[in-house]
Amino acid sequence: MNLRGDVTVTHSFENLPNKDILIKKLIEKIPQLQKRFQSEDDEEKEWLIQNCSNPLIIDFLQDSTVMMLHVIDAIGQLEPVNGTTISKQFGIPKGSVSKITRRLVQQEIIRTEFLPDNKKEVLFLTTPLGKEIFDLHLALHKQMNKGINRFLQRYNTDELLFIIQAFEDTLEASWVHSESVAEKELLTTGASLEPVENDEMSQIVDMLNQLDTRNLKKAKAVLQAMFFTPFD
């Protein structure tokens, strides 16, 4: 698969890199991606400052954190909104939401109000200054979306489908509690695993690892029909 252009290069199977080598290279890229995204935070703040003419907001941005901007963005989208909803909708810990909202209220970026029939539930809204920060942050996201779109245009449809599938699989995967494909199938169906020779299990897993997503689904269907479907 050519991930860098429209020209397709044909390889013989003898010249293809070993799968374990490719996996090792991918794993080595993960810390580099983490550092890249961290540096992206600095670039975002720099863009916000450069595209702002309000000195009060510039002062705020220079001392703000990415999490603070995320909370302002959440309030701007959902206001009036309580802290629990912010935490659930945007995956921000409740303790962080409480700490950040207190600071933003003090800085007059957001304000609070209460429901007429419930004085215990605090709702958050943006102030005019907070609304200006929210709009500026929204403009940043529009700019980023343009850049992401330009970047992804280099890939063809099949490559984009592969990237989407890889992202979806990544969201469901656990790097800590990983299981073999065969073990996962057995756990999913609720079947008990009888003792199997280690070399036989390894051979089965190796065979499954050679399949692409489409054929792996076919193998799953065959296993399900032959071994895990009760017959009357």
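Here is a short tour of this predicted model, stop by stop.

**Stop one: the core.** Start by selecting Phe60, Ile86, Leu104 and Ile109, the residues with the most contacts inside the largest nonpolar core, which has 26 residues. Now colour α2 (55–63), α3 (66–78), α5 (94–106) and α6 (128–152): each of these helices supplies at least two residues of that core. The top contributor is α3, with six residues. As a rule, nonpolar side chains in soluble globular proteins tend to be buried together.

**Stop two: Leu104.** Zoom in on Leu104 and show what surrounds it. Skipping neighbours within four places in sequence, you'll find Leu104 in contact with Phe60, Met68, Val71, Ile72, Ile109 and Ile110.

Most residues other than glycine have a negative phi, and most peptide bonds are trans. Go to the loop between α3 and α4 (83–90), where Pro80 lies. The bond joining Glu79 and Pro80 is cis, with omega at about -5 degrees. Next, hop to the loop between α5 and β1 (110–115) and pick Glu108. Glu108 isn't a glycine, yet its phi is positive, about 60 degrees. Buried or exposed, this Glu108? Exposed, because its relative accessible area is 58%, and the cut-off is over 50%.

**Last stop: a pair of rings.** Searching the whole structure turns up one aromatic pair. Select Phe151 and Tyr155: their ring centres are 5.9 Å apart and their planes sit at 75 degrees, so the pair is edge-to-face. Phe151 is partly exposed at 38% relative accessibility, while Tyr155 is buried, with a relative accessible area of 12%.

Technical notes:
Residues numbered from 1 in each chain as written. Predicted model: local features only at pLDDT ≥ 70, side-chain atom pairs only at ≥ 80, totals over all residues. Heavy atoms only, no water. Phe/Tyr/Trp six-rings, centres within 6.5 Å; stacked < 30°, edge-to-face > 60°. Buried < 20%, exposed > 50% of the residue type's maximum accessible area, 1.4 Å probe, protein only. Core = buried A, V, L, I, M, F, W, Y, C linked by side-chain atoms within 4.5 Å. Helix = DSSP H or I, 4+ residues; strand = E, 2+ residues; numbered from the N terminus. Contact = heavy atoms within 4.5 Å.
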